[in-house]
Amino acid sequence: MADMVATWRCLKKLDQPFMYIYTKRSTSAASETASVSVAPKYVYTPLNHLKDGTVVNLYGIVKFFKPPYVSKGTDYCSVVTLVDPSNAKLTCTLFSGNLDSLPKIYKIGDIVRFHRIKIREYNGQMQGITSGGFASLTFDGSVGAPVVPRTSSKLYTFLDEEQKTIEELRAWAASNLSISGPTAKLSGVQPMLFFDLTCQLVGKARVDGSSFLLKVWDGTKCPYPTWKVPVEARDLEGEKGLLQQLRNLTVDILVYDNHVQLAKSLKIGSFLRIYSIHTKQASADNQDVSHVEFHLHGGTCYGRGIGVLPESNPDVKELKAFLESVDLADSQNMESMSSVELDGIFSNVTDLQSHLQRCQQLSVTVLTDHQDLNNTGLKTILNSTAPQQYRIRAKLRTFKPQKLHQCIKLYCSKCNSLKEVPNGDDFDLILQDAAATAPNPELRNTSWYDSVMWTTQDQKQRKIAIHFVKHDEMLQEPEETLLMIEGGTLKEVWKLSRRFKCVIPVRSTEDDLELLDLSAPFLLQGSVKYYGCKQCSTPKTIKSLSSLAAEQRPSWEPTEIAQVLGIVPLQYVFIMKFTLVDGTGALNAYLFDYEKFFQIPASEILTNNFLQQKMQMTMNTLCPPGRKLDDLPWLECFIKSYNITDGMKHQVYYQIFDTTVAEDVV
Ligand SMILES: [Zn+2]
């Protein structure tokens, strides 16, 4: 009975309303059982007794986890590795459309109870995945902490004997696992390391499409000068007065890629635990003073992510009390204090390296299909006839081209030809050439576009015409507008393409506008230039576009625009040659990829610094420069062989397919 009272008391502390179904031990008196026993009794399977294809209930201690992140589509995904006193290990991949229904794990050492988790065997290991009816409770794993389940469910069972289970697991973990995470206060951060930070969100701002700024504080002062991410004042959300008051105590954390969506949704003032923040030391090119930067890189390697902590969390309570005690007047005087003590920073490089190595023991690529195929040694493949398909496990000894921008080409799927991406100079020349023809005044203001014309004031006195395509007889918002330009320079065309949805460079003929030479892009959207195949296209006059403008809701898709204009579009592709080795042999395989392998669109990489960096980092992970063969990571790939006959010469080639870089390698 004492147990029961204690449990009730703990549960009453929860602020949120919930329903508690209480079941007595089976030895209880019949009358008591009848009044309260409404829950089924669950059987819990130890982790060393799991069987493929079963759906089970289990308890486990969190050894590793990735906080929920947005996976493909709209589902959230969380990964949790559990251990229990049987010393078996189970990694569970949990999906849900509802963030709240995933376990609320805040740190390594937390204890979870899963109901109805599906077990399957993969590569000789048991894995857990969510099945219908999956439910979870999470408990603090510290000995002596109240046994209060964290759950969003208002309806769950928790038997009093389970309180004992939790306490036993806590005691076992305390003496058998080392579960202190790499948490740190800002005052204790070390450059070049990764750490978990418990903090309060003070401000946030959009930086660009793939990164987002969080301004946070934990009441302590970082001992190094920290960077300030430049953002427009109007983009910065947060209470202006507080941001100003705390300006010497807040740090800027830049979050990337898959974390952006979650970061955007965070409420100012909320308490966060940010996992695996990278503290990077950097010095600006023109300054001697170095500073530290805080990055939450894309991907979820090593549990990287952001968790929101409720106010009831013990760490939050402690942090709140501490924040309230901080003397803000003191911190204002710290402005001048930026004496940098950089000695000893590199003593921890080995820590960093061991972290990176841990990330690289797993295969750095994943297969997107045909999981059932067995591995084949490269020597066997080289001795076999083509065409065939294989699954391989190999290391990337080298690749070509080494300059990554050289691996982007334009491909015509109709005539199978590959072309170099033209550079800006070619386009400039074509525009200059076209500007020699003055806009034809008779082609102004038709039924489907409005025109603006003027003459530049400089010596050249260029005549420029811009034709704005109308829809329903109306001009559209700039971001919806397609326009055509005559007589513009490279810079003008480029500027317009940033502001308007579509820009088509044209010139006048006697009776219609027409596209320029196909060495120039036929369309610009944002920073992407679209080209057509010279061999396969039969350009039509611009009038053909009016049929698209007349549509209910013109989408201005490049493929549709190309089609009505008689253009066969060229696609941006990555083309690379990988030299793969596996101990039995070496084989050259081609990578031909639009987007899937790197998860970077080939069309955007040439104009996007961030994507270029991401790709460089990916290649550095797949094939780290200066490493011995033994230390290279493994790649699991599918390759297919095929025959090419060129005159009398016959050769077998290999191509990588249905393979993608693991999402957490970068
Ligand atoms: Zn072609």
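**A chat about the model**

Reader: Where does Asp-458 lie?
Author: This is a predicted model, and in it Asp-458 sits in the loop between β19 (449-455) and β20 (463-469).

Reader: Is Asp-458 buried or partly exposed?
Author: Partly exposed, as its relative accessible area is 39%.

Reader: And which side chain does Asp-458 contact?
Author: That of Thr-456, through a polar contact of 2.8 Å.

Reader: OK, switching to the metal. Which residues are the protein donors of the zinc ion?
Author: Cys-412, Cys-415, Cys-533 and Cys-536, each through SG, at 2.2 to 2.3 Å from the zinc ion.

Reader: How are those donor residues spaced in sequence?
Author: The pattern is C-x2-C-x117-C-x2-C. Cys-412 is in the loop between β17 (408-411) and β18 (418-420), while Cys-536 is in the loop between β25 (528-530) and α12 (546-549), so this pair ties together parts 124 residues apart in sequence.

Reader: Why is the arrangement around the zinc ion called tetrahedral?
Author: Because the four donor atoms subtend angles of 104 to 116°, and the rule asks for all angles to lie between 85 and 135 degrees.

Reader: Why does Cys-536 count as buried?
Author: Because its relative accessibility is 17%, and buried means under 20%. Cys-412 is buried too, at 0%.

Reader: Last topic: how many disulfides does the count come to?
Author: Zero, taking a disulfide as a pair of cysteine sulfur atoms within 2.5 Å.

Reader: And Cys-623, what's its relative accessible area?
Author: 11%, so Cys-623 is buried.

Definitions and conventions
Residues are numbered from 1 along each chain as its sequence is written. This is a predicted model: local features need pLDDT of at least 70, side-chain atom pairs count only at pLDDT 80 or more; totals for chains, interfaces and linings use all residues. Side-chain values use heavy atoms; hydrogens and water are left out. Donors are N, O and S atoms within 2.8 Å of the metal (3.2 Å for Na, K and Ca); water is not among the atoms, so sites may look incomplete. Four donors count as tetrahedral if all angles lie between 85 and 135 degrees; four count as square planar and six as octahedral if opposite donors are over 155 degrees apart and all others between 65 and 115; anything else is irregular. Helices (H or I, at least four residues) and strands (E, at least two) are DSSP runs, numbered from the N terminus. Buried means under 20% relative accessible area, exposed over 50%, partly exposed in between (1.4 Å probe, protein chains only). A polar contact is a pair of N or O atoms within 3.5 Å; within protein, one must be able to donate a hydrogen and the other to accept it, and residues adjacent in sequence count only if both atoms are side-chain atoms.
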